[in-house]
Amino acid sequence: MKKLTNALHALCMGAGIMFAAPALAAPVVPSPAYDAGLVVQVRGCHSNVQRHRVREFGRTLSHRHLRNCRPVRVTPARPRDCHRDVRRHQIPGYRGRVVHRHVGPRCIARIYR
Ligand SMILES: [Zn+2]
Ligand SMILES: [Zn+2]
């Protein structure tokens, strides 16, 4: 009988390890939003862009789901380019290289001609 209990215990540990691990690390603190994202993947059919592991893709990436729940990969629209000093290079929405710098938390390009 003891052997069976051990086997069940091992099974539980195996199945629950992904979700149990964060809970064990911080048993008192309420789950942060990050954990909520992990839970979503079980039913996971959000229409807004989220980043979590998608079974269909086999990895973590930014995506959203269509009405039929099919995941669609979404590449972040905002360019990574966010320098605060004046530089000259090509940016989306402008032809050729433009002299500009980026302002504000959303990295809006301010153009200098
Ligand atoms: Zn998803
Ligand atoms: Zn730039």
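Two strands are said to pair if DSSP finds at least two bridges between them, and strands themselves are DSSP runs (E, at least two residues) numbered from the N terminus. This is a predicted model, in which local features need pLDDT of at least 70, side-chain atom pairs count only at pLDDT 80 or more, and totals for chains, interfaces and linings use all residues. Residues are numbered from 1 along each chain as its sequence is written.

Strands β4 and β5 form a hairpin with six residues between them, and Gly 93 in its turn has a positive phi of about 95°. Four bridges join β4 (residues 87-90) to β5 (residues 97-103) in antiparallel fashion, with His 89 standing opposite Val 98. Strand β5 also pairs with β6, again antiparallel, over five bridges. In this second hairpin four residues lie between the strands, and Gly 104 takes a positive phi near 75°.

Arg 110 belongs to β6 (residues 108-112) and is the bridge partner of Arg 101. Arg 110 counts as exposed because 11 other C-beta atoms lie within 10 Å (exposed means 12 or fewer, buried 20 or more, partly exposed in between, with C-beta atoms placed from the backbone).

Elsewhere, three strands form an open antiparallel sheet in the order β1-β2-β3. Here β1 (50-54) and β3 (71-73) are the edges, each with a single partner strand, so one side of each has no neighbour in the sheet. Five bridges join β1 to β2 (residues 59-65), and Arg 53 stands opposite Thr 60 in β2.

Key
Chains are lettered from A and ligands numbered from 1 in the order in which they are written.
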